[in-house]
Amino acid sequence: MGYFYVYLAIVLFSSIEVVSKFIGSYVDPLNLWLFRLLFAIPTLLPFVRFSKLKNLSRKDWINLTWIGIVPVGIGMSLYHFALANAPANEMAIIFSANPIFVLLFSKLFFKEKFPLRVYIGMILGFAGLTVTSYSSGFKGDIYVFVMIAACALFAILTVFGRSITQNSSSAIFNFMTFVIAVPVILIEMAFFKVPIEISFKALPYLAYIGIVTTGIAYLFFFKGISKIGASLGSMAFFVKPWIASLLAFIILSEELNTQLIAGGVLMASSLIIAYWPSKNR
């Protein structure tokens with residue numbers, strides 16, 4: 001059942017880009033991210049055990065605060081901004097480079113030691129990012145760089161969030177960072193003079209993104225990796241950009257060109273090389 005939960009979560013995760021793009025014409029990026037969180041927070045609430053907050057150290061609280069502000073509040077706002085202005089399939093493939101950035105930041109910030117194949121995987125991953133960035137004649141322009149920045153910030157969230165989840169739980173970590181991110185998004189909206197408004201016809205889609213892909217899918221994923229392990233669970237993300245691209249083709253009529261496919265293959269290969277479990281594990 002572990003694999004079932006993980007791959008079900010990946011399928012749900014893969015629909016985020018397509019659904020966000022589908023409603024992008026009548027929901028601006030900041031409102032989309034705000035309401036996505038407002039639906040996700042109460043979904044996670046029943047699974048949060050606040051008694052575990054006492055296990056967090058002063059350093060954990062500092063990390064929890066800046067993670068909620070920067071990677072979650074600002075980083076995911078950048079993600080939705082890029083997604084609203086560029087092809088969903090291209091953005092999905094770029095964001096799938098997140099595990100490569102996780103390896104890079106683990107090395108830079110925590111001096112983790114990796115075998116040679118991990119470094120080879122990193123090089124292939126960044127090569128795939130480059131090819132994908134040019135896949136549409138660089139029509140994505142600034143939005144490609146915005147999505148890469150969002151991807152890197154999400155990787156920072158993953159790297160620095162490890163100790164917090166170990167001292168409390170994944171549910172607490174996500175719930176608290178989501179709560180901290182909400183006022184950050186409101187400040188962004190005030191700064192850019194974006195009113196808090198939502199189209200009634202967008203509510204079902206926002207409920208789906210918030211409750212299903214941000215709340216329920218998250219719970220499925222962590223239930224799955226608790227049974228099969230983090231390494232095998234992470235490998236499931238290799239199929240995410242392809243599912244997202246297929247959905248974008250069917251629902252949004254976005255086509256996959258040769259460069260986009262080549263970039264996706266390079267990045268998938270890099271992740272397989274870097275994350276494939278060692279025989280001695």
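Predicted model: local features only at pLDDT ≥ 70, side-chain atom pairs only at ≥ 80, totals over all residues.
Residues are numbered from 1 along each chain as its sequence is written. Local features need pLDDT of at least 70, side-chain atom pairs count only at pLDDT 80 or more, totals for chains, interfaces and linings use all residues, and side-chain values use heavy atoms, with hydrogens and water left out.

Empty space was examined on a grid. Rolling a probe the size of a water molecule over the atoms shows where empty space is left. The grid has a 1 Å spacing and covers the protein atoms alone. A cavity is a set of points where a 1.4 Å probe fits but cannot get out. A pocket is an open set with protein on both sides within 12 Å along at least five of seven lines. Lining residues have an atom within 4 Å of a point. Points are joined across faces, edges and corners, and a volume is the space filled by probe spheres set on them.

The search of the whole structure finds 2 cavities of 30 Å³ or more. The largest cavity holds about 50 Å³ of space. Its lining consists of Ser20, Lys21, Gly24, Val27, Pro29, Leu32, His80, Leu83 and Ala84. By class, 5 of these residues are nonpolar, 3 polar and 1 charged. Here Ala, Val, Leu, Ile, Met, Phe, Trp, Tyr, Cys and Pro count as nonpolar, Asp, Glu, Lys and Arg as charged, and the others, Gly among them, as polar. Helices α1 (2-22), α2 (29-44) and α3 (58-85) each supply at least two lining residues. The largest share, 3 residues, comes from α3. Helices (H or I, at least four residues) and strands (E, at least two) are DSSP runs, numbered from the N terminus.

The second largest pocket has a volume of about 210 Å³. Pro29, Leu30, Ile74, Ser77, Leu78, Phe81, Asn85, Glu188 and Phe192 line this pocket. Its lining divides into 6 nonpolar, 2 polar and 1 charged residues. Both α2 and α3 supply at least two residues each. Again α3 gives the largest share, here 5 residues.

Aromatic rings were paired next. Rings of Phe, Tyr and Trp (its six-membered ring) pair if their centres lie within 6.5 Å. Planes under 30 degrees apart count as stacked, over 60 as edge-to-face and the rest as tilted. The count comes to 14 aromatic pairs. Phe50 and Phe175 form an edge-to-face pair, because their ring centres are 5.7 Å apart and their planes stand at 80 degrees. This pair links distant parts of the chain, 125 residues apart: Phe50 is in the loop between α2 and α3, and Phe175 in helix α8 (residues 170-191). Phe50 is partly exposed at 42% relative accessible area, whereas Phe175 is buried at 9%. Buried means under 20% relative accessible area, exposed over 50%, and partly exposed in between (1.4 Å probe, protein chains only).

Trp66 and Phe160 are also edge-to-face, with centres 5.2 Å apart and planes at 75 degrees. They lie 94 residues apart, Trp66 in helix α3 and Phe160 in helix α7 (residues 142-167). Trp66 is partly exposed at 27%. Phe160 is buried at 15%. Elsewhere, the charged end of Lys201 sits over the ring of Tyr26, 4.5 Å from its centre. The criterion is NZ of Lys or CZ of Arg within 6 Å of the ring centre and within 35 degrees of the ring normal.

Burial was then examined by helix and residue. Helix α4 is largely enclosed by the rest of the structure, because 8 of its 8 residues are buried. Asn89 is found in this helix, residues 88-95. Its relative accessibility is 2%, so Asn89 counts as buried. Contact means heavy atoms within 4.5 Å. Not counting residues up to four places away in sequence, Asn89 touches Ser245, Ala248, Glu254, Glu255, Leu256 and Leu260. Ile185 lies in helix α8 and is buried at 0% relative accessibility.

Backbone angles complete the survey. Most residues other than glycine have a negative phi. Lys193, not a glycine, has a positive phi of about 55 degrees. Lys193 lies in the loop between α8 and α9 (203-228) and is exposed at 75%. Ser253 has a positive phi of about 60 degrees and is not a glycine. Ser253 sits in the loop between α11 (240-252) and α12 (258-275), exposed at 58%.
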